[in-house]
Amino acid sequence: MSLRDFAEHLNGQVVQIIYHGGCPDGCLAALILRDSVKTSFKPTSLELIPTTHAGRNADQVAEGSMVFFADVSPTVEDEEQLRKCRCVVILDHHASATAAQRRLESSLPNLKNFSDDSGIECGASIVNRFCSSKLVPEGTLHLFHKMDVFQHNVPDDAMKNFDAFKGFITQKGFGRCTVDLVEEFLAHTEDCLYRGSLIYTKTAASTRALFESRKMVRETETLALWAVEVPGDYSEATDLELYQKLIDQIPKTKAILFATFNRTRLSNGLWSVGLRRGAGDTLDVGKVASKLGTCAHLNFKTGGGHPYAAGAQCGDFEQSTASICDELVQICQGMLPSEAKGTAQEASSRSRSPGR
Ligand SMILES: [Mn+2]
């Protein structure tokens, strides 16, 4: 099925597009969908509504409307709201939303789900195919896809623009992209890439400087814990990919845990400890972050993430880095695999023996 099959729900109807706000992929998905509806159909109104992966994503749907979810999904809590729509279409790629999609599909006959959580697609690529859209050149679509799904393969001639693209599209910060910014990029791609390359040069320099401020704060037989304290008034953008690349280059004889302490107040009133691991390490920092997130005695409220990159959030802005580092060492102690311990011990005794 494609967009054309929904003509009766588009012509003469109220159409709402709920999309993953702040995300370049989500914004592009929304723009492609809006352009396709506008070009080929005659809705009475056509509205874009940004949302995040929140507890509820359908609070703003109108009675009797045709609703699209692009790069984001409704939750089970949205069921009653969605019941009042004439038709609901989901075009998402987030695997975390699959269970809710299944439940809503079985309880709402007016809901159609065209999501793909295989990990290959992004929101924009799913919407692009669903609409058979010609709005966005293939190279541009690749750049947005890569930004969202890091393992996505991009042809060389598009990839050479990736840093400049990243500079432009993240100029307001990660998670702060807007539909306006994406429209500007589509309308003036060359100019935006040039401006983006200048921004990226600065971002890369501040990312390197942040990394260079690292200190090895704890060392055990199996683990080296590095820490970066983000300055209080810090407002530079960070390229996390480059940051990880630099972490990967730290010479190692044992597992590396890299903690970034950023005491800037988040919108939820907490501050965050970002966790990353060294090259080839098997330590699951998502689990480390989850455990740190349960440390009520240090005032941590939540934590989690991927095996290679994660974070925990704390409510106490005065909590000392030393106490948190002690806790991190404790947590990792129980998690490092025994064979890694053996290897690290052998390696460290080898490195210690000559000349001592
Ligand atoms: Mn996405």
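Analyst: Let us begin with a term. A helix here is a DSSP run of type H or I with at least four residues, numbered from the N terminus. Ala 158 is found in one of them, helix H7, residues 156–159. Keep in mind that this is a predicted model.

User: Why is Ala 158 called partly exposed?

Analyst: Count its neighbours. Ala 158 has 18 C-beta neighbours inside 10 Å. Buried needs 20 or more, and exposed needs 12 or fewer, so a value in between is called partly exposed.

User: What does Ala 158 touch, beyond residues up to four places away in sequence?

Analyst: It touches Gly 139, His 142 and Leu 143. Glu 138 is 20 residues apart from Ala 158 in sequence, and their C-alpha atoms are 8.8 Å apart in space.

User: Why does Gln 81 count as partly exposed?

Analyst: The test is the one just used. Gln 81 has 17 other C-beta atoms within 10 Å. The cut-off for buried is 20 or more and that for exposed is 12 or fewer, so Gln 81 falls in between. Gln 81 is found in helix H3, residues 79–83. With residues up to four places away in sequence left out, it touches Ala 58, Asp 59 and Val 61.

User: Why is strand S1 said to be largely enclosed by the rest of the structure?

Analyst: Six of its seven residues are buried, so the rest of the structure largely encloses S1.

User: How do you know that S1 pairs with S2?

Analyst: Look at the bridges. Seven of them join S1 (residues 14–20) to S2 (residues 45–51). Pairing asks for at least two bridges, so these strands pair. They run parallel. Val 15 stands opposite Leu 46 in S2, and Tyr 19 stands opposite Pro 50 in S2.

User: What joins S1 to strand S3?

Analyst: Five bridges, in the parallel sense, link S1 with S3 (residues 66–70). Here Ile 18 stands opposite Phe 69 in S3.

User: Which elements make the right-handed β-α-β unit?

Analyst: S1, helix H2 (residues 24–40) and S2 make it. Right-handed is a matter of view: with the strands pointing away from you, the path from the first strand over the helix to the second runs clockwise.

User: How do you know that the span of helix H10 is close to the expected one?

Analyst: Compare two lengths. H10 (residues 189–212) has 24 residues and reaches 33 Å from its first C-alpha to its last.

User: Which residues of H10 are buried, and what covers them?

Analyst: Cys 192, Gly 196, Tyr 200, Thr 203, Thr 207, Leu 210 and Phe 211 are buried. Their cover includes H8, H9, strand S7 (223–229) and helix H11 (240–248).

User: Against what do the buried residues of H12 pack?

Analyst: They pack against strands S8, S9, S10 and S11, and against helix H13. The buried residues of H12 (residues 285–293) are Val 285, Val 288, Ala 289, Lys 291, Leu 292 and Gly 293.

User: Where are the domains, and how far apart do their centres lie?

Analyst: The domain assignment gives domain 1 as 8–196 and domain 2 as 215–351. Their C-alpha centres lie 33 Å apart.

Definitions and conventions: Residues are numbered from 1 along each chain as its sequence is written. This is a predicted model: local features need pLDDT of at least 70, side-chain atom pairs count only at pLDDT 80 or more; totals for chains, interfaces and linings use all residues. Two residues are in contact if their C-beta atoms, placed from the backbone, lie within 7 Å. Domain bounds come from an automatic or database domain assignment. The expected span of a helix is 1.5 Å times one less than its number of residues.
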